[in-house]
Amino acid sequence: MKKISLLFIVVLSCNFVNSQIVEDEKKAIKKIIQTAYVEGLQNEGNIDKIDSGIHPDFNLLGVNKDGSIWKLPIDEWKQKVMKRKEAGDFPKTGDKLVSIKFLTVHVTGTSAIAGFEFYVGKEKRYVDYISLYKFEEGWKMISKIYYQFPKED
């Protein structure tokens, strides 16, 4: 009976430790998305923040009306951000400020997916799904797909 009780305690301890590790990884993922994507890419136009959490091979993927897939590599997206920053579009404030609300973060080993609502001001505009891998230097976003809500008249 003592062996069974000890085995039960060991199994519970391992599950608790594993759960804590997963929760720590989820926190790290949320932080990198907030810093690199929300602050860097969307609100500030800060290239250093963008590079801190977005892999150089990252692609934004979308669907054209004809059903074909288009992609925007992060280098092209950063160029657009830099042009907008030069035009005075950053930093965003007030009802142009982007915020997110996480719906899910799922981690399996060194891969993860995060889903969140994307708001401009108080208006929910998108639901984004970002794929991530964990590298030696930490989590990096590698791709994004999204759903855009229809604009209200």
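This is a predicted model: local features need pLDDT of at least 70, side-chain atom pairs count only at pLDDT 80 or more; totals for chains, interfaces and linings use all residues.
Leaving aside neighbours within four places in sequence, Trp77 is in contact with Tyr37, Leu41, Gln42, Phe58, Leu60, Leu72 and Lys144.

Now move to Pro73, in strand β2 (residues 69–73). Is Pro73 buried or partly exposed? Its relative accessibility is 25%, so Pro73 counts as partly exposed; the buried class requires a value under 20%. Display the contacts of Pro73: not counting residues up to four places away in sequence, Pro73 touches Phe58 and Asn59. Then select Ile142, 69 residues from Pro73 along the chain; the C-alpha atoms of the two are separated by 10.0 Å.

The last stop is the largest pocket, with a volume of about 470 Å³. Of its 21 lining residues, select Gln42, Arg84, Lys92, Phe118 and Tyr126, which are the closest to its centre. Gln42 is also one of the contacts of Trp77. Which elements each supply at least two residues of the lining? They are α1, β2, α3, β4, β5 and β6, and α3 gives the most, with 4 residues. Coloured by residue class, the lining divides into 12 nonpolar, 1 polar and 8 charged residues.

Methods
Residues are numbered from 1 along each chain as its sequence is written. Side-chain values use heavy atoms; hydrogens and water are left out. Contact means heavy atoms within 4.5 Å. Buried means under 20% relative accessible area, exposed over 50%, partly exposed in between (1.4 Å probe, protein chains only). On a 1 Å grid over the protein atoms alone, a cavity is a set of points where a 1.4 Å probe fits but cannot get out, and a pocket is an open set with protein on both sides within 12 Å along at least five of seven lines; lining residues have an atom within 4 Å of a point. Grid points are joined across faces, edges and corners, and a volume is the space filled by probe spheres set on the points. Ala, Val, Leu, Ile, Met, Phe, Trp, Tyr, Cys and Pro count as nonpolar, Asp, Glu, Lys and Arg as charged, and the others, Gly among them, as polar.
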